[in-house]
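Colleague: I am new to reading charges on a protein. Could you walk me through some examples?

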Amino acid sequence: MPRTALRICPLCEATCGLTLTLDDGRVTGARGDRDDVFSKGFICPKGASFPALDADPDRLRTPLVRVDGELREATWEEAFDAVAAGVRPVVERYGPHSVGVVLGNPNVHTVAGALYPPVLIAGLGTRSLFTASTLDQMPKHVSSGLLFGDADAIPVPDLDRTDHLLLIGANPLESNGSLCTAPDFPGRLRALRARGGTLTVIDPRRTRTARLADRHIAIRPGTDALLLAAMTHVLLTEDLVDLGESAPHVRGVDELAEAVEEFTPEAVAPGCDVDADTIRTLARELSAAPTAAVYGRIGSCTVPHGTLASWLVDVLNTLTGNLDRPGGVLFPLAATARAPRPAGPGRDFALGRWHSRVSRHPEAKGELPLSALAEEIDTATDEGEPVRALIAVAANPVLSAPDGDRLDKALGSLDFMVSVDPYLNETSRHAHVVLPPPPPAQSPHHDFAFNTLAVRNQVRYTRPALPLEPGRMAETEILARLVLAVTDWGLPCSWGSPRSSGAESGGGAESLGKHGTEPAAVDRLVVDQTLGKAVNDPHSPVHGRDPEELAKLLTGDDGPERRLDMMLRLGPYGDGFGAEPDGLTLDKLLAHPHGIDLGPLRPRLPQPLRTRSGRVELLPEPIAADLPRLRAALDERPAGFVLVGRRHLRSNNSWMHNVPVLTGGSNRCTLQIHPDDAELLGVRDGRPVRVKGAGGEVTAPAEVTDGMRRGVVSLPHGWGHDRPGTRLRHATTDPGVNVNQLLDGSLLDPLSGNAVLNGVPVEIAPGSNP
Ligand SMILES: Nc1nc2c(c(=O)[nH]1)N[C@H]1C(S)=C(S)[C@@H](COP(=O)(O)OP(=O)(O)OC[C@H]3O[C@@H](n4cnc5c(=O)[nH]c(N)nc54)[C@H](O)[C@@H]3O)O[C@H]1N2
Ligand SMILES: Nc1nc2c(c(=O)[nH]1)N[C@H]1C(S)=C(S)[C@@H](COP(=O)(O)OP(=O)(O)OC[C@H]3O[C@@H](n4cnc5c(=O)[nH]c(N)nc54)[C@H](O)[C@@H]3O)O[C@H]1N2
Ligand code: SF4
Ligand SMILES: [Mo]
């Protein structure tokens, strides 16, 4: 008998509620859940393919362990024994930093990825942490850290109420939005236009989003920071600054005015290829709009001045009085966030507390640049040990990070590698042990990360839609067992989790116990430490209570659910373990299967600020120190072509090319090029083109389109499925090429360590058929 179950979609940041149809232990259909408090029935083609993705026959069903050089099916016990035997000797012999951890994007889409990696990293005590954040939004974290004192305090555009949206380097009609969780982003943009609002898009390509806009500005790639600096200059010199309600909380307007003095519209125009009058108009419109939001994404982050551009986005929001106001940009307050503390001076954000060994890149948010992973493995220095063992969780850096060929070789040289991944792909094929998580229908879901970035405060939790198949292990248990297998000593005192919840904390130094211990021990330890800290905190609703008694009050079927219950109860809407009887608990959430709406975003300043001054620091010192580099860019003009990326609606980074319904049509790995450029070069539509960059050369079919700016070409990322030893039967039939092979890993935004993936110089020539 078919039945239905609710499941929040984990396939992008929009977090739509789905209604799955289940029959005979399988998912047979997916539609939008009309009663979902946030997504209200919206679904995209990717969500609709949930059944196919869930049932992909190439998903691994059992762990794999390398024996005599070959990966063979093994039991879970054999696999964890192999992990312990592989990682511990490396730690004991070479120290904790010789074990690297790589965390990929899907960690922000799973319960397991939110709850266990922080424990793993703290337990290992390694500084060799690399995540997809340094291929993505690290510049935004650094800019928020410097402006607000908290790298996770990212203001989100108030999409549903704004009168004016300036969108920079984002294509939500394909991506469905990022660092701005909004189911049906396209519908919300149309609603903005329908209520008389204005949409401006800055993008070197005429994207589907640009086609929806009132104005599209095809900027020269990599120059947004110049354009935004000039807009700032216009606001400051034309007396258009009005800080509004945030005025008492902001510092440094005069210093800022001095710092951007040289960035006049006339000075930046030739570099950006946007005329000075247009820049003035953009600034004036922004200040004149009743409310406005400036929002930048991938195209503003993965560029040489990514942190400066991200900073200027919020400088513009602040100067126009739109920071922290409805219709502007606001700080969400998630249900599992730490309950708000009284405002006041904070601990501030530190950058560069340690450096990478080879190129001396500063850490940001506890992470080293993923671009530096290959050299941290393959290059010896006097500065300590290279990375000799690697733990990769939901990561495919061979395709997603620069210079995959070098990384591919480096991974092959490791003493030991473990991948937690459902697929044997370009990266996990190097592992000595592969631990496969179950498909999404067999996993619970809660958006720890994306609720802190959502355009509306709300909370939803879905239990697994289907029970675990025989032989499967929940990913939460896999990661808990991984922690137990690789750490054999006490946990250091505290950990914070990137892009995840804030309500948990650690303290003390109890031992996690040994490999083989029951995995719930990891959750118990976290619960004990978090509650122990809460009862000692005078601002906590449980101050002065007995932590053991509180732990006994937790409900939930397993460790992860009890941790969710604890975070909800300690959080801003929580029941405070009885202090607020109407407040949130896991039980209450379970009684609302379509979620609980917690209302629109509200002004919160000064509470989120953690700077030492307790104010918004408009011109932080590291930013001021990076401005000379932007001044130098005023005179730069690329001589040849530059490359940008693109995303396709039916894709997601590197791991969705194996599902037939999601591939084909326009979802192809082609080089988009302007007709005039194509003609000049003798490149013909559909014929091969050679693209050469600092890191290598690839050949892809040309797609001639006037949607491209002249002098710019575009290739999507996540392709290049032609390496041997993978198990991706459909993806290998149309492998595409790896755009990141054009990069050599040396181009970074220096403040954040973020890879430069857009605006990269390349040479183009007609190719020949292989
Ligand atoms: N040139 C270029 N490169 C880019 C980008 C770009 O715009 N241009 N974008 C960058 C961005 S924004 C990102 S986020 C990165 C992404 O980089 P990565 O995170 O390295 O890559 P993904 O393809 O998202 O997938 C990571 C892995 O997670 C696995 N996986 C899927 N679901 C699960 C799960 O539930 N559990 C576990 N354990 N594993 C799972 C997949 O099989 C895959 O191996 O790529 C970056 N690379
Ligand atoms: N369908 C689908 N959805 C996804 C993903 C996916 O792969 N497929 N990936 C997910 C992930 S991990 C992320 S991080 C988000 C990303 O979400 P978005 O940022 O919305 O993603 P993109 O489509 O890469 O949009 C970036 C845009 O920046 C433009 N651009 C490139 N260089 C520049 C520049 O120098 N200046 C300006 N102004 N624009 C520039 C590109 O042409 C492109 O249109 O999407 C998520 N959602
Ligand atoms: S928009 Fe994103 S979350 Fe919504 S159905 Fe599509 S892939 Fe899933
Ligand atoms: Mo991303």
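Colleague: Which residue forms a salt bridge with R690?

Modeller: In general, look for a side-chain nitrogen of Lys or Arg within 4 Å of a carboxyl oxygen of Asp or Glu. Here R690 pairs with E697, and their closest N and O atoms are 3.0 Å apart. Keep in mind that this is a predicted model.

Colleague: Is R690 buried or exposed, or partly exposed?

Modeller: Use the cut-offs: buried is under 20% relative accessible area, exposed is over 50%, and partly exposed is in between. R690 has 36%, so it is partly exposed. E697 has 41%, so it is partly exposed too.

Colleague: How many salt bridges does a search of the whole structure find?

Modeller: The search finds 42. One of them joins K365 to D152, with the closest N and O atoms 3.3 Å apart.

Colleague: Which parts does that pair tie together?

Modeller: Find each residue among the helices and strands. K365 lies in the loop between β14 (329-330) and α16 (373-378). D152 lies in the loop between α6 (138-148) and β8 (156-157). The pair therefore ties together parts that are 213 residues apart in sequence.

Colleague: Why does K365 count as buried?

Modeller: Its relative accessibility is 18%, and buried means under 20%. D152 has 33%, so it counts as partly exposed.

Colleague: What meets the side chain of R631 in a salt bridge?

Modeller: The side chain of E262 does, at 3.1 Å from N to O. R631 lies in helix α24 (residues 621-633), while E262 lies in the loop between α11 and α12 (265-272). So this pair ties together parts that are 369 residues apart in sequence. R631 is partly exposed at 23% relative accessibility. E262 is partly exposed as well, at 46%.

Colleague: Where does E258 lie?

Modeller: E258 is in helix α11, residues 253-259. Its relative accessible area is 60%, so E258 is exposed.

Terms used
Residues numbered from 1 in each chain as written. Chains lettered and ligands numbered in written order. Predicted model: local features only at pLDDT ≥ 70, side-chain atom pairs only at ≥ 80, totals over all residues. Heavy atoms only, no water. Helix = DSSP H or I, 4+ residues; strand = E, 2+ residues; numbered from the N terminus. Buried < 20%, exposed > 50% of the residue type's maximum accessible area, 1.4 Å probe, protein only.
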